[in-house]
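I opened the model and kept notes as I went. The entries follow the order in which I looked things up.

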Amino acid sequence: MPRSRPIYTNFTAGELSPRLRGRVDIDRYYNGMELGENVIIHPHGGSSRRFGTIYVDDAKNHDKAARLVRFIFSETQAYVIEMGDQVLRFFNDGAGVYGGTGSEMVTNGVFAADTDWTKGTGWTIGSGVATHAAGTASSLEQTLAGLTAGVTYWVEFQMTAYTTGTLTPALGGTSGTGCASTGWHAEAIVAGAGGKIAFACTADFVGSIDNVTVRPAGVLEIAAPWTEDQIRKVRMVQYADVVYLVHPDVAPYKLSRYSHTYWTLASVSFTATPAEWAAGNYPSAVTLFENRLWLMGTAAEPLT
């Protein structure tokens, strides 16, 4: 009896159930495989070996569990977030998002009062911003306790009401990149020996700065409320640049992305928070439906 050797031209049916063995009467039988391990099936039919993994960075805490979650805004803006014991860290394009970590070094970086900064000619502090009016090239500066020469720090600030001119940040006398646009500006600067942060502007600079931060440089991380034992039960839903996160023991939070290196995590503010919500009885599920945020599944009312 001649042996039959059918031609298999593609694997678009993927893995077949053992119940389909010998089912040559089904067309999909000739487009499947018994086992597809570590392979990727292509839409046009072929297959290739699954990509491997690479070492990117150490976890924040080697002795504690961590969880990796996705943040995808678009095909070109996607992140992996390390959710660890009371911390979130951010990775993008096979590397950590470089930013500030550790303790904040600037005092009154939000300019809540006219204090802590030495103002050059043309600089004023008020209404929560530091503003320069055109006329004189000058600087705004502050001495930073603990600033070490030769160490890389992450400098970040927000420029508003910009009209013209250039503003350049510096650490210990080492200048960063000149900035000439409204928005968030951030970069790593190797500190010099001067011990100060300074913003030097050209004579024609007109604009304001706010939210000045200086931290030792490293993988960007922010503090989070969830412990190692809680991270596995955190549920989330994403809408554009905001992710809402819930856990039965912790009040709902939202993670917001303002720029590649500027993220915030804050508790959600509700117009009328249900009186029943408390530790152990917060929502455990969250979703978006018809442009509304839905929170549900408290321990006391799991179907509400």
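**Entry: two loop residues.** I looked up Asp116 and found it in the loop between β9 and β10 (118–119). The strand names follow DSSP runs numbered from the N terminus, where a strand is E over at least two residues and a helix is H or I over at least four. Asp116 has a positive phi of about 75 degrees, although it is not a glycine. Is Asp116 buried or exposed, or partly exposed? With a relative accessible area of 43%, I put Asp116 down as partly exposed. The cut-offs are under 20% relative accessible area for buried and over 50% for exposed, with partly exposed in between (1.4 Å probe, protein chains only).

I then went to Asn291, which sits in the loop between β25 (285–289) and β26 (292–296). Asn291 is also not a glycine, and its phi is positive, near 60 degrees. Asn291 is exposed, at a relative accessible area of 72%.

**Entry: what I am looking at.** I noted that this is a predicted model, in which local features need pLDDT of at least 70 and side-chain atom pairs count only at pLDDT 80 or more, while totals for chains, interfaces and linings use all residues. Residues are numbered from 1 along each chain as its sequence is written, and side-chain values use heavy atoms, with hydrogens and water left out.

**Entry: the whole protein.** The C-alpha trace spans about 100 × 50 × 40 Å along its principal axes.

Buried residues make up 36% of the 304 residues. I also looked up contacts (heavy atoms within 4.5 Å). Of the contacts with a separation of 6 or more, 58% are between residues 24 or more positions apart.

**Entry: strand β19.** I followed β19 (residues 206–219) and wrote down its partners, counting two strands as paired if DSSP finds at least two bridges between them. Strand β9 (residues 98–100) pairs with β19 in the antiparallel sense over three bridges, and Gly99 has Gly218 as its bridge partner there. Strand β12 (residues 129–132) also pairs antiparallel with β19 over three bridges. Strand β14 (residues 152–164) is antiparallel to β19 too, over eight bridges. Which residue of β19 is the bridge partner of Thr131? The partner of Thr131 is Ser208, and Ser208 is likewise the bridge partner of Thr160.

**Entry: a five-strand sheet.** I traced an open sheet of five strands in the order β10-β13-β18-β15-β16, with antiparallel pairing. β10 and β16 (174–175) stand at the edges with a single partner strand each, so one side of each is left without a neighbour in the sheet.

Inside the sheet, β13 (residues 138–143) runs antiparallel to β18 (residues 196–201), joined by six bridges. In that pair Glu141 stands opposite Ala198. Strand β15 (residues 167–171) meets β18 over five antiparallel bridges, and Thr168 has Ala200 as its partner. β15 and β16 pair over two bridges, also antiparallel, with Leu171 bridged to Thr174. As a reminder to myself, side chains in a regular strand alternate between the two faces of the sheet.

**Entry: two buried strand residues.** I looked up Ile81 in strand β6 (residues 77–84). Ile81 is buried, with a relative accessible area of 4%. Leaving out residues up to four places away in sequence, Ile81 touches several residues, including Arg67, Phe71, Phe90 and Leu255. The C-alpha atoms of Ile81 and Arg67 are separated by 8.1 Å, and the two residues are 14 apart along the chain.

Asn92 counts as buried, at 16% relative accessibility. With residues up to four places away not counted, Asn92 touches Ala78, Tyr79, Val97 and His260. I also checked Gly173, 81 residues from Asn92 along the chain: their C-alpha atoms are separated by 31 Å.
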